Amino acid sequence: MTALELFNRVTSGPWNTIGKDVQFRVQDRTLFFQCSNGKVDWLRNFNFPKSVYKEMPTPFRAHSGFLAAWHDCRDIVMRYEFDRIVGYSHGAALALFAHEDCIFHNIQVDTIVFGCPRVFAPLPESVRYRFSGVTRYTSKGDVVTTVPPKSFGFEHVGREIVLTGSIRKEEVSWISYLSHHSPSVYRQRLAGL
């Protein structure tokens with residue numbers, strides 16, 4: 001399945017809602033997480049780092065809002081069988097937590113994320129290897145992928161593919177054009193791969 005086909009699936013429903021407004025579904029052995037889609041999601045987007053697990057053998061920190069969303073849905077999501085995880089924006093952050101959880105428990109998955117914010121701050125080398133199966137698509141100039149700031153210690157994980165294709169301004173709103181984060185911008189740039 002192409003990156004564009006996966007993106008089209010992750011930006012369309014239907015969705016299962018669990019916890020405090022986390023949307024996901026499993027389809028064809030792929031776990032999909034929806035982007036921010038409500039007040040709770042947006043409030044979580046502006047939180048600070050905290051330790052990921054209690055009594056971790058190798059401690060590391062993560063964005064506490066995304067971590068709270070993962071804790072809300074983890075027990076239900078991990079009951080499903082999947083080989084691949086896909087997420088966009090807020091859903092990309094959740095996809096990274098699901099990926100890390102799977103690898104920590106020796107479940108092999110491939111993960112593809114689009115427009116992913118920085119989630120972890122900073123990762124020890126002994127944990128970084130868990131994200132070698134992550135492919136991160138970033139639209140050049142996407143503002144969401146620049147937060148939280150590096151100056152707060154946050155960093156990206158996985159292999160990055162930067163999408164640089166042209167954007168047809170007439171097909172997106174001015175805010176979408178300036179942010180380079182909208183589904184329309186990602187679709188246009190993914191179509192050029």
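This is a predicted model: local features need pLDDT of at least 70, side-chain atom pairs count only at pLDDT 80 or more; totals for chains, interfaces and linings use all residues.
**Surface and overall composition**

Of the chain's 193 residues, 48% count as buried.

The protein chain contains 7 helices and 10 strands. When contacts between residues at least 6 apart in sequence are considered, 63% of them join residues at least 24 apart.

**Nonpolar cores**

In soluble globular proteins, nonpolar side chains tend to be buried together. The largest nonpolar core here comprises 35 residues. Phe-33, Trp-70, Val-77, Ile-85 and Phe-120 have the most contacts inside this core. At least two of its residues come from each of β2 (22-27), β3 (30-33), α3 (64-77) and α4 (90-104); α4 provides the largest share, 9 residues.

Another core, of 13 residues, lies apart from the largest one. Its members include Phe-7, Val-10, Val-86 and Ile-112.

**Surroundings of Ile-85**

With neighbours within four places in sequence left aside, Ile-85 is in contact with Leu-31, Phe-33, Ala-95, Ala-98, His-99, Cys-102, Val-109, Asp-110, Thr-111 and Ile-112. Of these partners, Phe-33 is, like Ile-85, among the residues with the most contacts inside the largest core, whereas Ile-112 belongs to the core of 13 residues.

**Helix α7**

Helix α7 spans residues 183-191. Its buried residues are Val-185, Tyr-186, Gln-188, Arg-189 and Leu-190. Their cover includes two helices, α1 (3-10) and α6 (174-179), together with the strands β6 (84-88), β7 (110-114), β9 (134-139) and β10 (159-163).

Conventions. Residues are numbered from 1 along each chain as its sequence is written. Side-chain values use heavy atoms; hydrogens and water are left out. Helices (H or I, at least four residues) and strands (E, at least two) are DSSP runs, numbered from the N terminus. Buried means under 20% relative accessible area, exposed over 50%, partly exposed in between (1.4 Å probe, protein chains only). Contact means heavy atoms within 4.5 Å. A nonpolar core is a set of buried Ala, Val, Leu, Ile, Met, Phe, Trp, Tyr and Cys residues joined through side-chain atoms within 4.5 Å.
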